[in-house]
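Biologist: I am new to this structure. Can we go through it one question at a time?

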Amino acid sequence: MDKSLDGWISGFLGVLIFSGSLPATRLAVADFDPFFLTLARAAIAGLLAGGLLLIFRQARPSRRDLPSLLIVSLGVIVGFPLLTGLALQHVTSAHSVVFVGLLPLSTAIFGVIRGGERPRPLFWLFSGIGSACVAGFALLQSGGGTLVGDAFMLAAIIVCGLGYAEGAALSRRLGGWQVISWALVLSLPFMAAAALLTQPADWSRVGTPALWSLGYVSLFSMLIGFVFWYRGLALGGIAGVGQLQLLQPFFGLTLAATLVGESVAWPMVAVTGAVVLCVAGAKKFAR
């Protein structure tokens, strides 16, 4: 199979898995504190990742890889889960997934800074228009959104874009699943200890939906999704494959409506569709 096509397929599978993250987080923060949820999902995924590294006898990363692994940890293991968890206390998951439309632009910018990619000028035009549609919607749409929640979501998109680009660049040396696994293992001691200190005082008050959601964001959002995603970015290009994130709002809105029971207003669908068209044009000029 062509390396670029393989990258796009892997990236698509990663996006599909990530699409359930925000609806699942919305269900989880109903019974869990966002700080505990962030710590617990990373600790659970870190234990699983450590097991995989031992089973497959992976060599330890070199000292020069440690700063990049730290950036990945702060961006996608701590930053994005925590900030989205805080945001989802103020906004609906249906509203939050529209912000995912900013992720391709954020990832592409950091792909230039950290990954050395150089998309053509028309790429930035299309991506900028798509991002403007999302930003305009977030500012003008009143239902389901708040200033605090939107600010948390915007910060989450920035740190996530950095973590995606940094991890993708490092995956060219270490491999996709190895990058996220080592990042999880490096953060495991702190995450596990802090999770024990912040766990719910009474677990009997935690509902089944929240427990299942914790399992999903720990296993799929924090580990399995990144195996496919970092591999896709490394093989197909950070800026190009990063545009697949524009499919995530479609999947996320569908899940928000079917699983969480939230209403999806037609402006959300319209804005998401417009952004997807813009980024489809940007994809043609990614290289």
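Biologist: Which helix holds T25?

Modeller: This is a predicted model. Helix α2 covers residues 21–28. T25 has its place in α2.

Biologist: Is T25 buried or exposed, and what is its relative accessible area?

Modeller: Buried means under 20% relative accessible area. T25 falls under that cut-off, so it counts as buried. Its relative accessible area is 1%.

Biologist: Which residues is T25 in contact with, leaving aside its neighbours within four places in sequence?

Modeller: Contact needs heavy atoms within 4.5 Å. With those neighbours set aside, the partners of T25 are L37, R41, G85, L88 and V217.

Biologist: Which residues have the most contacts inside the largest nonpolar core?

Modeller: That core has 72 residues. Apart from it lies another core, of five residues, among them F123, A239, A282 and F285. Inside the largest one, the residues with the most contacts are V76, I77 and Y164.

Biologist: What is I77 in contact with, beyond its neighbours within four places in sequence?

Modeller: I77 is one of the residues with the most contacts inside the largest core. Its partners beyond those neighbours are T38, A42, V72, I180, A183, L184, S187, M191 and M222.

Biologist: How far apart are the end C-alpha atoms of α4, residues 66–87?

Modeller: Helix α4 has 22 residues. At 1.5 Å a residue, α4 should span 32 Å. The model agrees with this, as the end C-alpha atoms of α4 are apart by 30 Å.

Biologist: Where does α4 bend, and which proline follows?

Modeller: The bend is about 40° and sits at G79. Within four residues comes a proline, P81.

Biologist: How many of the 22 residues of α4 are buried?

Modeller: Helix α4 is largely enclosed by the rest of the structure.

Biologist: What is phi of R57 near?

Modeller: R57 lies in the loop between α3 (34–55) and α4. At 76% relative accessibility, R57 counts as exposed. Most residues other than glycine have a negative phi. R57 has a positive value, near 50°.

Biologist: How far apart in space are Y216 and I17, C-alpha to C-alpha?

Modeller: Y216 has its place in helix α10, residues 208–236. In sequence, Y216 and I17 are 199 residues apart. In space, C-alpha to C-alpha, they are apart by 9.5 Å.

Biologist: Which atom of I17 does the side chain of Y216 reach, and at what distance?

Modeller: Leaving aside neighbours within four places in sequence, Y216 is in contact with I17, G20, S21, A24 and S221. For I17, the side chain of Y216 reaches the backbone oxygen, at 2.6 Å.

Biologist: Why do Y216 and F220 count as a stacked pair?

Modeller: Both lie in helix α10, four residues apart, about one turn of the helix. Y216 is partly exposed at 25%, and F220 is partly exposed at 32%. Their ring centres are 5.1 Å apart. Planes under 30 degrees apart count as stacked, and here the angle between the planes is 20°.

Biologist: What angle lies between the planes of F32 and F36?

Modeller: Both F32 and F36 are buried. Their aromatic pair is tilted, at 5.3 Å centre to centre. The angle between the planes is 40°.

Biologist: Which residues do ring pairs link into a cluster?

Modeller: The count comes to 12 aromatic pairs. Ring pairs join these residues into a cluster: F18, Y164, F226, W229 and Y230.

Methods
Residues are numbered from 1 along each chain as its sequence is written. This is a predicted model: local features need pLDDT of at least 70, side-chain atom pairs count only at pLDDT 80 or more; totals for chains, interfaces and linings use all residues. Side-chain values use heavy atoms; hydrogens and water are left out. A nonpolar core is a set of buried Ala, Val, Leu, Ile, Met, Phe, Trp, Tyr and Cys residues joined through side-chain atoms within 4.5 Å. Buried means under 20% relative accessible area, exposed over 50%, partly exposed in between (1.4 Å probe, protein chains only). Helices (H or I, at least four residues) and strands (E, at least two) are DSSP runs, numbered from the N terminus. The expected span of a helix is 1.5 Å times one less than its number of residues. The bend at a residue is the angle between axes fitted to the seven residues ending there and the seven starting there. A polar contact is a pair of N or O atoms within 3.5 Å; within protein, one must be able to donate a hydrogen and the other to accept it, and residues adjacent in sequence count only if both atoms are side-chain atoms. Rings of Phe, Tyr and Trp (its six-membered ring) pair if their centres lie within 6.5 Å; planes under 30 degrees apart count as stacked, over 60 as edge-to-face and the rest as tilted.
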